[in-house]
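Hi,

Here is the structure I said I would pass on. Have a look at it first, and then read my notes on the side-chain contacts below.

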Amino acid sequence: MEPIWQNITTALEIPPDVADKWLAKLKQQYAQPNRHYHNEEQMIRRKVEHLSGASLCLQLALLFQYYHFDAGKDCVKENCDALKEFLVEAKLENKALENNVLRLLGDVSVESSDLPDEDVSYFQDLDLSILGYSAEDYKLYTEQLRKEYSSMETSSYNKMRLKILQTFNCIPFIYATTEFGDKFEKTARDNIETEIKELKSQ
């Protein structure tokens, strides 16, 4: 997390004390015990691998997308509020950047005329990249994800998970970008098919 945060804060000329404070806050949030996949070691580490040359907008959105996380709740508003709080403390008055990041985080109420469609597609694919990792990595991901829903009864969780996976099976392409599609599409479909069979057999 440190290299990407340093890149962001250097490029935006964020005061060192604010940068250090928010790095600590980010690391604390992603280290919470209820996070088994949505943490720094698993999710952030894998996503950072694909950020070479990505815009500051994408990099900021990546770190704040799951700043607040609750497996049973939509935390879009809380994460958007955290981003705004950071920008205020950093005294960064860049409305275009703020709105672009907010749109990526899921706030459809803001105007963002210059957010490239490519960034939107890349950000979505980044979140789905784990689906196309090796069978071993995917299996670990599903185990970690299940722990995040530990309060949900097994049959309810399996039904929810099956519905999501079958939706992926019905769409022509899981990934919107050529870069992710070429690299992950086939393996993602194999992984999904394997998990569907396992869930149906339980």
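Which side chain does Asp137 meet in a salt bridge? The partner is Arg46, at 3.5 Å from N to O. By salt bridge I mean a side-chain nitrogen of Lys or Arg within 4 Å of a carboxyl oxygen of Asp or Glu.

Before going on, a word on what you are looking at: this is a predicted model, where local features need pLDDT of at least 70 and side-chain atom pairs count only at pLDDT 80 or more, while totals for chains, interfaces and linings use all residues. Residues are numbered from 1 along each chain as its sequence is written, and side-chain values use heavy atoms, with hydrogens and water left out.

Back to Asp137 and Arg46. The pair links distant parts of the chain, with Asp137 in helix H8 and Arg46 in helix H3 (residues 40-48), 91 residues apart. Helices here are DSSP runs (H or I, at least four residues), numbered from the N terminus; strands would be E runs of at least two. Asp137 is partly exposed at 25% relative accessible area, whereas Arg46 is buried at 5%. The cut-offs: buried is under 20% relative accessible area, exposed is over 50%, and partly exposed is in between (1.4 Å probe, protein chains only).

Arg46 has another contact too: its charged end sits over the ring of Tyr133, 5.5 Å from the ring centre. For that label, NZ of Lys or CZ of Arg has to be within 6 Å of the ring centre and within 35 degrees of the ring normal. Arg35 does likewise with Tyr30, its charged end lying 4.6 Å from the centre of that ring.

The rest of the salt bridges

There are 14 salt bridges in the structure. One of them joins Lys27 and Glu2, 3.1 Å from N to O. Lys27 belongs to helix H2 and Glu2 to helix H1 (residues 2-11), so this contact ties together parts 25 residues apart in sequence. Lys27 is partly exposed at 26%, and Glu2 is partly exposed at 37%. Glu2 and Lys27 also form a salt-bridge network with Glu40.

Lys21 and Glu89 make another bridge, at 2.9 Å from N to O. With Lys21 in helix H2 and Glu89 in helix H5, the pair ties together parts that are 68 residues apart in sequence. Lys21 comes out as partly exposed at 39%, and Glu89 as partly exposed at 24%.

The aromatic side

I count rings of Phe, Tyr and Trp (its six-membered ring) as a pair if their centres lie within 6.5 Å; planes under 30 degrees apart are stacked, over 60 edge-to-face, and the rest tilted. That rule gives 15 aromatic pairs. Take Trp22 and Tyr67: the ring centres are 6.0 Å apart and the planes are at 35°, so the pair is tilted. Trp22 sits in helix H2 (residues 16-30) and Tyr67 in the loop between helix H4 (56-64) and helix H5 (76-89), so the contact ties together parts 45 residues apart in sequence. Trp22 is buried at 0%, and Tyr67 is buried at 4%.

Tyr133 lies in the loop between helix H7 (117-128) and helix H8 (135-148) and Phe184 in helix H10 (residues 178-201), so parts 51 residues apart in sequence are tied together. Tyr133 and Phe184 are both buried.

Finally, ring pairs link Trp5, Trp22, Phe64, Tyr67 and Phe86 into a cluster.

Cheers
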